[in-house]
Structures are given as C-alpha cells and as structure tokens.
Amino acid sequence: MTDQDVAPAPDRAFQCEACGGVSEYAPGTYALRCPYCKHEQDITPIPRQVTEHPIEELAVLPRRASAPVRVKVYNCPGCHAVTESDTLSDKCQFCATPLVADASDSERVAPEAVLPFGVDREQARDALAKWTGSRWFAPEELKEVTEAETFRGSYLPHWTYDAQTTTRYTGERGEHYWVEEEDSEGRTRRVQHTRWHHTSGTVGRFFDDVLVPGSSQVPVEELDKLAPWPLQETVPYQEEYLAGFRTLRYDVEPEAGLESAKARMAPVIRADCRRDIGGDEQRVHSMSTFYGGVTYKLVLLPVWFLTYLHGGKTWPVMVNARTGEVIGKRPYSPVKIILASVGAALLIALVVLLVVMLRN
C-alpha cells in the first residue's frame, strides 16, 4: 500500500458532550456551543502566554511552499467528505461541520494569538442597522440588508511588530521674527519673517504592536478603517476559537510585513524629529533609523463580512467583530439628493425673502 492509498485522518471537530453533535465557538464567551442542543462547554485555556518572537528566527525557518502545495485537504469527520480549501478553518461544503486544520502542519509561521469573536451574528446585525439608519442619502432598500443571511464570520491574519528605534536626523529650525514694513501707500505694518538654523539630533521611540494585515484578499485601506483593535485582549492561539468560522491563511510574508510596519512607523518618527527640532517651524531633511530588538507575531482578528447587491453592483460591508465598528461602501439615492437640494434651495430663498422684507 502506498502513501496515496492511506486515507487522511479526520480533521479537528469538537463534539458536543451532551448530544454528540459538533460544537462551534460562541462569540463573547470562552466556550463552545452546540447549534443543535445549545449545550455549552468551556474552553480549557492552554498553559502558555502570548509570545513575541525575535525577527532573527525567521532566517532559520523553511521557506513557505507555493500556493498549490499549500491547499489544505479536509477530511470531514461528519460526512467523511474530502474537500480542498486554502483556509485554516472552514465548514464542510456538504454537511456544514466546522473544521479546523492543524496550523503547525502547513504554515511556516503558526498563529501565536487570536482575538476571539466578541460580537455575535445578531449583534452584528444591530450594528449594521444603526449604520444603515445613519446613511441619510442611502436608498430605502439599504435597510433590507440587515435581514440578510449572508453574514459570514472570518478570522483575518495580521502581523504585529515591536521595535526600539533610534533615529539620527538633519534638518532646520525656523524661528519667527517681525519687521515693521511700509507698504506702497505709506502705511506701516508688521510682517512675519522666518530665520532658519541648521540642526541635527537623535530621537528614540519604542513601537509596540504595529499592526500589518497579513492577507492581500481584503484591501489594506479598508482593514485600517476597522481599527483600533483591543490587542491587549488577545489570547494564546487555540483551535477551539476557530470552530464555526472561516480563517484565512496569510499570504503576506513576515519579512514583507516588517517593511510595511517600518513605513507605518516613519510618520511617527518624523513627527518626533520635528518636536525635537523645536522652534516655530521645522524642516526634516534626512532620517536614518536603526531598528533594535525587533519582534513579531501572527495574530488572528475577527470580522463579519456582508456583500449585497444593489443597482447591479456589489457593495461590501465589514463589521469589527470585537468593537462593532461598521465600515463599507453604499449607494446613494438620486431622489433623496434632489429633494435635499431642492429643500436647501427653498430654505435659502425663504431666508433671503425674509431679510428683504425686514429691510423694507
């Protein structure tokens, strides 16, 4: 018998202690809940702390396999179907059994921490209802998306980086002074001028948990709008928190993530340089930054996704499944905009008419 003839072992699923069904993680708790009998069983914490890893250890890790090799073959313990996916957790396409893969099996860097879902599906709908209700110029049909059943919870991979930075800079400090000047009509006025002085110096700053998305499947600028994330509430990675949710694998390597993190640090460092220069105005000509004690970790963050159709277009919405923050694009109602414009024009006309009548 060859290796190919050996059936793969069933993937991880969490059996309900009460009825034998398959339990899922219950958002907002530290427990698994059976969707059938509603029995809850506590998640036993693993005896370790969330750890920051030295960036140097990446050099000894094997390079990651190419995308086709990384496709996970799931063997469902419920219906025994064998399916393929590029996720760390998902539901069986045939019987909806929650499946969780062993991250240490296929990932160059396994997740270190997870921020468990704190907002459940109903709470996400409530947050979306408030969001849609505040869209003044949205069409009435937008309200109907709160009833949609297409909400899907996913964990998204993110890198965090810590670093002690030391930056040498050169620049100029501008100091204002005032001069009495006479204009062409003989009137005297005070005019501000700036005297510039060359300067240089060194500033230091410790950066903690600079967050960089680890997946390119969702635009970075959209994910950034979901911030801030309560990263202090993360817990050590456990497969139980993924049960019932889809978990994307990272496709941004940690080395590339570090370069993005440095780009996020740069404006903060530049602001430190300007403060150090002092004066009334500042110019920063150059910065040379040393990054010491760099550490990293892979953390999974929870998001509810919703995509709805309107006017023949697709409109995506995301809900931060920890804070309830809603971000998304939405259509505008031409009728409402026209009515608002007409109303504003009538109001202006009425005000002008009242002013004219009062003057007369």
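Me: Buried means under 20% relative accessible area, exposed means over 50%, and partly exposed lies in between (1.4 Å probe, protein chains only). Into which class does aspartate 183 fall?

Reply: Aspartate 183 counts as partly exposed, because its relative accessibility is 21%. The model is predicted, so local features need pLDDT of at least 70 and side-chain atom pairs count only at pLDDT 80 or more, whereas totals for chains, interfaces and linings use all residues. Residues are numbered from 1 along each chain as its sequence is written, and side-chain values use heavy atoms, with hydrogens and water left out.

Me: With which residue does the side chain of aspartate 183 meet in a salt bridge?

Reply: Side chains of opposite charge can pair when their charged atoms come close. A salt bridge requires a side-chain nitrogen of Lys or Arg within 4 Å of a carboxyl oxygen of Asp or Glu. For aspartate 183 the partner is arginine 187, at 3.2 Å from N to O.

Me: How many salt bridges does the structure hold?

Reply: The structure holds 20 salt bridges. One of them joins arginine 283 to glutamate 172 at 3.3 Å, N to O. This pair links distant parts of the chain, 111 residues apart: arginine 283 belongs to strand β15 (residues 281–310) and glutamate 172 to strand β11 (residues 152–182). Strands (E, at least two residues) and helices (H or I, at least four) are DSSP runs numbered from the N terminus. Arginine 283 is partly exposed at 37% relative accessibility, while glutamate 172 is buried at 10%.

Me: Which side chain meets that of arginine 173 in a salt bridge?

Reply: The side chain of glutamate 175 does, at 3.3 Å from N to O. Arginine 173 is partly exposed, with a relative accessible area of 24%, and glutamate 175 is also partly exposed, at 30%. Elsewhere, salt bridges link Glu52, Asp209 and Lys297 in a network.

Me: Which residues does threonine 166 touch, not counting those up to four places away in sequence?

Reply: Contact means heavy atoms within 4.5 Å. With those neighbours excluded, threonine 166 touches Thr202, Val203, Gly204, Ser288, Thr289 and Phe290. Threonine 166 is in strand β11 and is partly exposed at 36% relative accessibility. Its C-alpha atom lies 10.0 Å from that of methionine 287, a residue 121 positions away along the chain.

Me: Is glutamate 240 buried or exposed?

Reply: Glutamate 240 counts as buried, because its relative accessibility is 16%. It lies in the loop between β13 (235–236) and β14. Leaving aside neighbours within four places in sequence, glutamate 240 is in contact with Arg12, Phe14, Tyr25, Leu32 and Ile43.

Me: What lines the largest pocket?

Reply: A pocket is an open set of points on a 1 Å grid over the protein atoms alone, where a 1.4 Å probe fits, with protein on both sides within 12 Å along at least five of seven lines; lining residues have an atom within 4 Å of a point. The largest pocket is lined by 20 residues, of which Glu24, Lys91, Arg121, Phe245 and Trp304 lie nearest its centre. Elements giving two or more residues to this lining are β2 (22–25), β8 (87–91), α2 (121–133) and β11.

Me: Which residues lie nearest the centre of the second largest pocket?

Reply: They are Gln217, Val218, Phe305, Pro316 and Met318, from a lining of 17 residues. At least two lining residues come from each of β11, β14 (246–248), β15, β16 (313–320) and β17 (326–328).
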